[in-house]
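Please examine the model shown here, and then follow the explanation from one part to the next.

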Amino acid sequence: MMLPGWPGGLAVDGLSAVLLATLAVVLVAVLVHAAGEKFGARFYVLMLVFAAAMAVTVTAADLVLLLMGWEVMGAMSYALIGYLWPDAERVRSADVAFLTTRAADLGLYMAAGFAVAGAHSLRLDDLAAAEAPWRDLVAAGVVVSALGKSAQLPFSFWLSRAMAGPSPVSALLHSATMVAAGAYLLLRLHPLLAATGWADTLVSWVGALTALVLGAVALAQRDLKQLLAASTCAQIGFMVLAAGLGSVAGGTAHLVAHAAVKSLLFLCAGVWLSVLGTQRLGELRGAARRHRPVGAAFGAGALALAGVPPLSLWATKDEVLADAGGGLLAVGLAASVLSAAYAAKALLAVFRPAEGGAFRVPLLESVPLAVLALGAVVLGIPALAGAWGRVLGVPEKSDVRVAALSGVLAVVTVAAVAGVRRVPEPAWAVNWLWSERVALAVAVRPVFALARALARFDDQVVDGAVRGIVRGGRWAAGLTGRRVELRVDGLVDAVGRSARWLAALARRPQTGQVHMYYAQAAVVLAVLVLVALLAG
Amino acid sequence: MLALVIFLPLAVACALPAVPGRAVAWTWIGAAVLDLALVAAMWVGHGTGGGVSFETNVRWIPSVRAGYHVGVDGLSLPLLALTAVLFAACAVYSLRRTHRVRAFAILFLFLETVCLGLFAALDLLLFFVFFDLSIVGMYFVILLWGHGDRSRSALKFFLYTFLGSLVLLLGFIGLYLGADPNTFDMVELTRTPPLHGGLGGLTLLAIGIGLGIKTPVVPFHTWLPPAHTDAPAAGSAILAGVMLKMGTYGFVRIAMPMLPDAWRRYALVMLIVGLVSVLYGALVALAQDNVKRLVAYTSVNHMGYILLALGAAGYASGDAGARRLAVTGAVTQMVSHGLVTGALFLLCGVLDDRAGTYDLGRFGGIAHNAPVLAWLIGIAAFASLGLPGLSGFIAEFQIFAGTIGTGTAATAVTGALAVLGILITAALFLRVLHRAVLGPPGELTARVSEVRRPELAALVPLLALSLLIGVVPRVLLDTIEPLSAAVVALVGR
């Protein structure tokens, strides 16, 4: 309990346990892999703090602890994206990523306030029972935060920026764990979404549309890490769709399988980046053939990502789609066709025959790839066996027709991409819908302009008024000095002058000559006599 | 005990002229650390209960029933501790100072007594005397050890805040005249709030303007940036860390419990002034290129949160638990802002010491030559932008949750808008890190050498305490909580 009087704390249930195990496995795999590259102490400090924050996030039972883990993850993401800090452009990417996610985090801050108002509690379990207007506000805040963290529309662009970080960072934070936290939160708070009557529908559609649109974005990318980033948004879209549909088992299954697949793919991309010095798909031609084990691992991951049966993501995605109906199912199937297409595009790019000799990869780097590749292949089995529902204690559903349809679609799509060899790359998709540019134009630039205008206003008007009062005071002082003071002083002067004049007048008779004194005495006497006569 | 805590620094200051030159700095540090230890012992003695302890009440000016009445409770203890910590940090930070050390130490020890006395005062006249003496002391710190256009800044600071203190005195006289029998005693004034109706409103106006200038809130804040920019680093740290709290402390100690009627009636004004300070302070800070001015404006932003929370506490119809949360958050924010902004100003001082400027555009990539300095700036910046795990989050989360959670339309809307402040603060501190600490080297980067030992010894405890409050907030909150409950009850009368 962080705040006195507001119960909460850390607690582990089925969902938390699954997330913790996923985090632990991917963390170990990524750190072992990273040990092969030469990272400094700062890297490990930041990665471990991140892992602790993620662990707090997925075990928090109240909004305070949830928000604490949630925001520390964001800060570590900032520090790791900007790991190579002398490069100003990477620092800028880190800025964009942090500010975008924090803008979304404001939703959780507000949700905490609304929860206090509506439920008199900060516990996650109590949110669904909040009173009417507040419950909707809490849900709105939570949804915005979760969509931001999970890089769903319209926040997706920050994940493109996040690719400026080292590949192990992308493998842990920006594919497997942190970005999945938004989906986790929505899965956990499904009762709240359902209670509002609108939030679950909204979340389903945002997830499905992100899966579709970012799928198209992924397909258009010419850079392997950018392709994987867009596909992360799209795949998390399926989890968000699951949260909206209430398919907690399907969403969790997809989250776990995707964590293995995507961290594997990012680590492979990192190997090629460090050996071949490039992550452009055109220049990676034949990379998979030059080191067979890495190539095979990447192949397994890419086929799983494509949704080819019987690999993991085929099974888990279909568990999500089994709960969808009508429009959502159609969008979901279209999105899974796109995922097959972009996975095939990456796969073909690196497997195309090309010259270039074999290269060596340290054992430390390749062992984690094997483990993750195994996960990418087999993690669909629990979903097929209905194990997730038992672990999480929720009903689980699957639909053979949907599974068969999506499996066939995936295989056909991969074959088609292999056949056409060129996929459309529209400019809007290559540039991630220009959403960063839109955010700059709509939010960032106006705020900076306002800030500069207010700074001028502060100098000239607010402080100017103070200076004006001071000037006014000085002017009044001057005025009294020159005018009033002159009059008052003049009056005093006049008194003095008249006194002097009287004195001079009085001095005049004092001549020292005796006859003058006699004359004066005679005059005074005469006056006295006159006064006596008149008075008498 | 309390008298010893308050007057120990002054006693040492009086003895300091007799101390040989080389021992001056160490004597100063010794006195500050000893005082800190005494405050800590007092905190342990007080525990986490309610009420006032270590109370002393001596006749002082019986003709107006003003006494030397002091004591500590859950509001004053955290601020006394903050004061002692910051003065000790400034003493350590100034270890290498060569320019008129003795006078500097005497002035700071005098200021420490003044600040401790203010936070312990339970008599309005005593409070006022300390309030004014702090202005005098800081005036000389800026005037004699400042840089840039220091005489002008010092004069502006003095006249502006002195004017504020006179308005405050008018308010105190209003309270005095309203009480029956007439008294300046805070405990009696709190027990039976003196003024009701229009007179109460006018008195609150006077006290509000007086404390608002000191806090400062928009639009009475323009003395702050020049005073900070031209003050020496230690002076800025004390000015922002301790002296701004005198304003917010006054709101909780005097305005709310003594004028509950008026406070409830004008709670909306407090909410709006708080909200404007939050957003305006953050936006103006975003546009600054002088890093010290930038930090000064973030103080306006951070103080705005406090007023916002206190305004929410005035909504008697709102949820009592939420209002308590808001008041606890406000007090936590006072402590947190003191620690973090104190550290930020000392860090600005390091930059000025090395490069002689605060211009952001002339630095860049200082993490290369000075990695420890870069870490410290980074941690302080993230603490100030409210990153969880550091004290600012605990304060601001409670303020937002409490203000919005009060549950009236006005508090929910202003609280939700104030949340935007933490996004703007994040943007402006990332901008500082981007331009000064990270990226390619700038014009003056070569001159920025690593932090020296005294600087490190001053900065690390401040940030460590921020971390402690951020991770284990109960050490602070359990002391504040009874006080918040009392204040909420007093305002609700």
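In chain B, the axes of helix α1 (residues 2-15) and helix α2 (residues 24-46) come within 9 Å and cross at roughly 175°. Axes here are lines fitted to C-alpha atoms, for helices over the stretch in contact, and angles run from 0 to 180 degrees between N-to-C directions. Helices are DSSP runs (H or I, at least four residues), as strands are (E, at least two), numbered from the N terminus. Because of this crossing angle, α1(B) is roughly antiparallel to α2(B), a term for angles over 145 degrees. On the side of α1(B), the contact is made by B:Leu4, B:Val5, B:Leu8, B:Pro9 and B:Val12; α2(B) contributes residues including B:Ala31, B:Leu34 and B:Met42. Two residues are in contact if their C-beta atoms, placed from the backbone, lie within 7 Å. The residues of this contact divide into 10 nonpolar, 1 polar and 1 charged. Ala, Val, Leu, Ile, Met, Phe, Trp, Tyr, Cys and Pro count as nonpolar, Asp, Glu, Lys and Arg as charged, and the others, Gly among them, as polar.

The model is predicted: local features need pLDDT of at least 70, side-chain atom pairs count only at pLDDT 80 or more, and totals for chains, interfaces and linings use all residues. Residues are numbered from 1 along each chain as its sequence is written, while chains are lettered from A and ligands numbered from 1 in the order in which they are written.

Further along chain B, B:Ile238 lies in helix α10 (residues 233-258). Is B:Ile238 buried or exposed? B:Ile238 counts as buried because 29 C-beta neighbours lie inside 10 Å; the cut-off is 20 or more other C-beta atoms within 10 Å. Not counting residues up to four places away in sequence, B:Ile238 touches B:Leu86, B:Phe87, B:Cys90, B:Leu111 and B:Met243.

Chain B also meets chain A: 45 residues of chain B are in contact with 38 residues of chain A. Among the elements of chain B that give two or more residues to this side are α12 (267-286), α14 (320-355) and α20 (474-491). The most comes from α16(B), with 8 residues. The side of chain B that touches chain A divides into 29 nonpolar, 12 polar and 4 charged residues.

Chain A itself is assigned domain 1 (14-430) and domain 2 (444-527), with bounds from an automatic or database domain assignment. Their centres, taken over C-alpha atoms, are separated by 82 Å.

Terms used: Parallel < 35°, antiparallel > 145°, perpendicular 65-115°, else oblique. Buried ≥ 20, exposed ≤ 12 C-beta atoms within 10 Å, placed from the backbone.
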